[in-house]
Amino acid sequence: MGALAGRCIVLGVTGGIAAYKAVEIASRLKKAGADVRVIMTRAATSFVTPLTFREITGQPVAETMWGEPHHHVEHIALAEFAELVLVAPATANFIAKAAAGMADDMLTTCVLATRAPLLIAPAMNTGMWENPITQENVARLQERGVTIIPPAVGQLACGTTGAGRLPEPAEIVAIVERHFSHEQSLAGRRILVTAAGTEEALDPVRFLGNRSTGRMGFAVAAEAARRGAEVILVAGPTPLATPAGVQRVNVRSARDMHAAVRAEYDAVDAVIKAAAVADYRPAETAEHKIKKSDGELTLTLVRNPDILYELGQRKRHQILVGFAAETQNVAEYARGKLAKKNLDFIVANNVAEKDAGFGVATNHVQIFYADGRAEDHPLMPKAELAGVILDRLEDVLKSSLKPAPLAGKGDHAQHGERGESRNSCDEIS
């Protein structure tokens, strides 16, 4: 039996010319054994008739909140039915409404009500796709754990060429298959992820910090939870929402993060250290706000604990993954850190590169392994990169002969949500 056999999938179809490709997507999902229910927006029915999808899936097609329902409270029934909601094609309008949490038709209401994972395959004109508003909406959805299937580059219906084409149905269905094949692949594993920057207080008003947003670490935590792992996310200050199924510990300074990680380390199978931790802190923190004067201000800085180095020295059964955010000599510095800190592999990038590193939704990385191997991964959404990192972690876990920790989950349940906190950069955001 394939990965899709018996799976309950809601396919959302919005009003773009690529709606005709959704017919083949529905057909392929059905042939693979999935139970497919289709929701169409009003605009989508101008491109493809509901009858087409009904004949392919063998199920009624939901079009409106106000028609004769096929289920009791139909949008809720479909939301609860779904093991996965796939929207393909997804217009810029739908993406904007989903990002804003709007629920003004059957599809957006179902999307807002469901607890199932959401996959969105955008399709639109290149200008609409590259518009900063659309990109902000996409980033907002990704930060909430939504998987975005990037549009393909090619000739569009409007006659232009660029990014915005819906990927081929076979490719989209393959992504859906991979989604279910990874389901629960990390069940029974306990994974600690660190994310965002840390803050080192100068006085009650000011601090030393960095540009990390936490997007990369949060994407990793969300993907690990989706694969069934018990995830502890130690996060510096960030407005990002806690991913579903993730236990979050909020910290502010590097020393706070050091203490939180030490408390969990002995009982985890792996640590993915994606936080941007301050290397230095002020030797003294002023009790009151430092007032400006005509002269210069000299700060004395002292070293913070090197969390990753300490974990490498204490490593027994754990798999240890580091990150390296560099602006030059990326491979050289990453390999040096890999060896010095006793890592299993390291994810490195050049934060000076366009559309990579801090404050953006995409990244271009290289992965270096303790056995000397190296991989280069092209620019991709951080949510997609999180899947790559977890794939590599699974490979290392499978090949490792190290036993799992003996401590039980209950021994560590006391580390729950703590007071919020926020800070130079050793790793990627």
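**From a helix to a sheet**

Reply: In α1, the buried residues are A19, K21, A22, V23, I25, A26, S27 and L29. Buried here means under 20% relative accessible area, while exposed means over 50% and partly exposed is in between (1.4 Å probe, protein chains only). Helices (H or I, at least four residues) and strands (E, at least two) are DSSP runs, numbered from the N terminus. Bear in mind that this is a predicted model, where local features need pLDDT of at least 70 and side-chain atom pairs count only at pLDDT 80 or more, whereas totals for chains, interfaces and linings use all residues. Residues are numbered from 1 along each chain as its sequence is written, and side-chain values use heavy atoms, with hydrogens and water left out.

What sits on those α1 residues? The cover includes β1 (8–13), β2 (35–40), α2 (50–57), β3 (84–90), β7 (161–165) and α8 (169–181); contact means heavy atoms within 4.5 Å. The helix itself, residues 19–31, passes a simple length check: at 1.5 Å a residue its 13 residues should span 18 Å, and the end C-alpha atoms are 19 Å apart, which agrees. That expected span is 1.5 Å times one less than the number of residues. Just past α1 comes G33, with a positive phi of about 100 degrees.

One residue in that cover is worth a stop. I9 belongs to strand β1 and is buried, at a relative accessible area of 0%. Leaving aside neighbours within four places in sequence, I9 is in contact with residues including L29, V36, L84 and V176. V38 is 29 residues away from I9 along the chain, with 8.5 Å between their C-alpha atoms.

Now for the sheet. It is an open one of 8 strands, in the order β12-β11-β8-β13-β16-β17-β18-β19, with mixed pairing. The edges are β12 (246–250) and β19 (374–381), each with a single partner strand, so one side of each has no neighbour in the sheet. From one strand to the next, the twist averages 20 degrees. Two strands count as paired if DSSP finds at least two bridges between them. Strands of a sheet pair through backbone hydrogen bonds, either parallel or antiparallel.

Take β8 (190–195). Of its 6 residues, 6 are buried, so β8 is largely enclosed by the rest of the structure. Both faces are covered, with R190, L192 and T194 buried on one side and I191, V193 and A195 buried on the other. β8 pairs with β11 (residues 230–235) in the parallel sense over 6 bridges, and A195 stands opposite A235 there. Its pairing with β13 is parallel too, over 4 bridges, and I191 has A270 as its bridge partner.

Carry on to the next pair: β13 (residues 270–273) and β16 (residues 319–326) run parallel, joined over 4 bridges. K273 has G322 in β16 as its bridge partner. Helix α12 (residues 330–340) packs on the sheet, touching β16, β17 (345–350), β18 (362–369) and β19, and its direction makes about 155 degrees with that of β17. Such axes are lines fitted to C-alpha atoms, for helices over the stretch in contact, and angles run from 0 to 180 degrees between N-to-C directions. Helix α13 (residues 382–399) lies across β8, β13, β16, β17, β18 and β19, at about 150 degrees to β19.

Which residues of α12 are buried? They are V330, A334, K337 and L338. They cover an arc of only 105 degrees around the axis, which puts them on the same side of α12; the arc is that of the directions from the helix axis to the C-beta atoms. These residues pack against α11, β16, β17 and β18, while E332, A339 and K340 are exposed on the other side.

Finally, an annotation. The unreviewed UniProt entry gives a "binding site" covering D279, K289, P305, D306, I307, L308, F323, K337 and K341. They are spread over 63 residues of sequence and also spread in space, up to 37.6 Å between C-alpha atoms. UniProt positions are given in the numbering used here, with feature names shortened, and annotations may be inferred rather than shown by experiment. Of these, F323 is in β16 and counts as buried at 0% relative accessibility, whereas D279 counts as partly exposed at 25%.
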